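Subject: Structure for your files

Hello,

Here is the structure we spoke about, with my notes below it. Please read the notes with the coordinates open.

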Number of protein chains: 2
Amino acid sequence: MHVNQLDIEALCLSKGLKLTEQRKIIAQVISASGDHPHVEEVYQRASAIDNKISLATVYRTINLLESYGVIEKLEFGDGRARYEPKRSEADHHHHLIDLTTGKIIEFYDAELEKLKADIATRLGYQLVDHRLELFGVPLKNKN
Amino acid sequence: MHVNQLDIEALCLSKGLKLTEQRKIIAQVISASGDHPHVEEVYQRASAIDNKISLATVYRTINLLESYGVIEKLEFGDGRARYEPKRSEADHHHHLIDLTTGKIIEFYDAELEKLKADIATRLGYQLVDHRLELFGVPLKNKN
DNA sequence: TTATCTGCAAAGAATTTGCGGGAGG
DNA sequence: CCTCCCGCAAATTCTTTGCAGATAA
């Protein structure tokens, strides 16, 4: 799943932010996550690397990364926000949530991407961002 | 926008629930809402009709209506859940959020509906539910 | 009558923030 | 050094819940 390391160093440098140990660790944790962790999970994983990191810092750093468009916020309907590294536009994808197991399947569909942009244009808008979640149950014959 | 009144009476009858004054009012408020109110807004509108209704009852009733599939929960990325009456499948639609004004535009696209079901099938799932939100800014030439 | 529902207020859960000490540039 | 950042704990915001009285069926 070729996920690149989030370039937190470049971000800090370009925005005049300080490249703290905590920010490095949190960026690394999110980079390495193949799933879609919520804040508590990021906190736990970061704590395993450096147990002095606080939950408040995780929240602040995640909000920072999101505000600069480095990570993406996801909402799957449970009460908490989940995050994933933002990939390139070419790498854009969506999620199918298995209602029986909670498993999250990522997918990409070129036709869908085109259609969404078309719809926005038709409505008089330039598409800036978009989110699609499908909720499904496994087909009986596919096992 | 032909939104029918939520049939709270039929729901209560079929499920053995009590048809209370509060439930009637809350169902009516949501039926009448052309927008996508969050709980606090439903509470305010209901309070205007009967100021003895409590916020707790609004939460409980909304959760009840959602659990029976009568209304739909929406998440637009601000911290709170929003709701709208669930329409028929034929009436299915999605949302485009105008990032400059917060205005929400509803749309429907048959091709999109078909494509989503196809994608789910291809992944081995039967589509149970789905959500799509587009975020955009107005096109410059369209004014 | 009686099980369900409501209002109130308190509890919970997720997230944000004020403050004083700490560390990056 | 000096500003920005962190940890801590308290505060906010959204939502849920226990309880005792109220009400629909």
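Helix 3 (residues 39-49) of chain B packs against helix 4 (residues 55-67) of chain B at an angle of about 115°, with the axes 9 Å apart. Axes here are lines fitted to C-alpha atoms, for helices over the stretch in contact, and angles run from 0 to 180 degrees between N-to-C directions. Helices (H or I, at least four residues) and strands (E, at least two) are DSSP runs, numbered from the N terminus. The crossing of helix 3 and helix 4 of chain B is right-handed; a crossing is right-handed if the near helix is turned clockwise from the far one by less than a right angle, and left-handed if anticlockwise.

On the helix 3 side of chain B, the residues are Val39(B), Glu40(B), Val42(B) and Tyr43(B), and they meet Leu55(B), Val58(B), Tyr59(B) and Ile62(B) of helix 4. Contact means heavy atoms within 4.5 Å. By class, this contact has 7 nonpolar, no polar and 1 charged residues. Ala, Val, Leu, Ile, Met, Phe, Trp, Tyr, Cys and Pro count as nonpolar, Asp, Glu, Lys and Arg as charged, and the others, Gly among them, as polar.

This is a predicted model, in which local features need pLDDT of at least 70 and side-chain atom pairs count only at pLDDT 80 or more, while totals for chains, interfaces and linings use all residues. Residues are numbered from 1 along each chain as its sequence is written, chains are lettered from A and ligands numbered from 1 in the order in which they are written, and side-chain values use heavy atoms, with hydrogens and water left out.

In chain A, the axes of helix 3 (residues 39-49) and helix 4 (residues 55-67) come within 9 Å and cross at roughly 115°. That crossing in chain A is right-handed. Chain A as a whole has 5 helices and 5 strands, in the order α-α-α-α-β-β-β-β-α-β along the sequence. Its C-alpha atoms fill a box of roughly 50 × 40 × 30 Å, taken along the principal axes.

Now the pair of chains. Chain B is superposed on chain A by a rotation of 179° with 0.0 Å of shift along its axis (RMSD 0.1 Å), and the two copies are thus related as by a two-fold rotation axis. The superposition is by least squares on the C-alpha atoms of residues with pLDDT of at least 70 in both copies. Of the residues of chain B, Leu132(B) comes closest to the rotation axis, at 2.2 Å (C-alpha). The same surface serves both copies, as 100% of the contact residues of chain B recur in chain A.

Helix 5 (residues 110-122) of chain A and helix 5 (residues 110-122) of chain B have axes that come within 11 Å and cross at roughly 155°. That makes the two helices roughly antiparallel (angles over 145 degrees count as such). Their crossing is left-handed. The contact is made by Glu111(A), Leu112(A), Leu115(A) and Ile119(A) with Glu111(B), Leu112(B), Leu115(B) and Ile119(B), which divide into 6 nonpolar, no polar and 2 charged.

Also in helix 5 of chain A, Lys116(A) and Glu113(A) lie 3 residues apart, about one turn of the helix. They form a salt bridge, with the closest N and O atoms 3.1 Å apart.

Regards

Definitions and conventions: Parallel < 35°, antiparallel > 145°, perpendicular 65-115°, else oblique. Salt bridge = Lys/Arg side-chain N within 4 Å of Asp/Glu carboxyl O.
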